[in-house]
Amino acid sequence: MEGYAKLALFEGIREEDVRAMLSCFHARKGSYCSGEILCEYDGACREVGVVLTGTARLVRIDRAGAQTILEHIGAGGVFGEVLGFTSYYGDSLFVICEEECRVLYLDYAHIMKRCQNACVYHSLLVQNMFSLVTGQIRGLSRRVEVLSRRTIREKLLSYFAIQAADGGKEEFQLPFSLTALADYISTDRSAMMRELRRLREEGVVQITGRRVHLDAGKGVQF
């Protein structure tokens, strides 16, 4: 049995009430393997997706085929074209499974209109959804902060500082691979790896797998 009430989208709503609401919202579930598409922002996606388990990423692919990661979506995260993302200039936007995941889809129109059963929890769910969207906006603002840096070194240190500040520790786990990190900061992977090697040699950062350790004494502020 799913523990839907544990998800941020259903915070404050009892499990039995969540299950009743799922029928009202025409909910469906899907299971995906790494690399599979969860959602394509093509104007036809009218559902809100909630990641139950696993991870996914929102990816933009331009007409030249270059890929940029716009957002990392973990368990409990929401996505959907109706939540505000639009594709411009012929670019394609996809939500792609990163690690095997299960997703709950809710019909957006049924969420936004008044529940026929006058469900007392309906407005609470809408509040929760917009709270999650606000969190996504903050995440995108952080990415703008990273991308606004002029050099690869500055982008890396800005991103690392944000991750360290979130956990309150000098050591943290990257949410994705180094290849995905290069996509996230919109730079060439080889150039990024050269800069990481310099940062290691200077003792500013140590990386083992996805574990990153920053040396605050080397001028990294978080």
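This is a predicted model: local features need pLDDT of at least 70, side-chain atom pairs count only at pLDDT 80 or more; totals for chains, interfaces and linings use all residues.

Let's start inside. The largest nonpolar core has 27 residues, and those touching the most other members are L156, Y159, F160, L174, L181, M192 and L196. Elements giving two or more residues to this core are β6, α4, α5, α6, β8 and β9. A second, separate core has 22 residues, among them V18, V50, Y121 and L132.

Back to L156 for a moment: leaving out residues up to four places away in sequence, L156 touches L181, I185, M192, E195, L196 and L199.

L132 also sits in helix α3, where it is buried. This helix runs over residues 122–147 and spans 38 Å from first C-alpha to last, close to the 38 Å expected. Other buried residues in α3 include H122, N128, Q136 and R143.

Now the charges. The structure holds 12 salt bridges, and here are three of them:

| Pair | Closest N to O distance |
|---|---|
| R57 and E98 | 3.2 Å |
| E195 and R198 | 3.1 Å |

R57 in strand β3 and E98 in strand β6 are 41 residues apart. R57 is buried at 19% relative accessible area, and E98 is buried at 13%. E99 in β6 and R210 in the loop between β8 and β9 are 111 residues apart. Here E99 is partly exposed at 41%, as is R210 at 31%.

E195 and R198 are 3 residues apart in helix α6, so about one helical turn separates them. E195 is buried at 12%, while R198 is partly exposed at 39%.

Methods. Residues are numbered from 1 along each chain as its sequence is written. Side-chain values use heavy atoms; hydrogens and water are left out. Helices (H or I, at least four residues) and strands (E, at least two) are DSSP runs, numbered from the N terminus. The expected span of a helix is 1.5 Å times one less than its number of residues. Buried means under 20% relative accessible area, exposed over 50%, partly exposed in between (1.4 Å probe, protein chains only). A nonpolar core is a set of buried Ala, Val, Leu, Ile, Met, Phe, Trp, Tyr and Cys residues joined through side-chain atoms within 4.5 Å. Contact means heavy atoms within 4.5 Å. A salt bridge is a side-chain nitrogen of Lys or Arg within 4 Å of a carboxyl oxygen of Asp or Glu.
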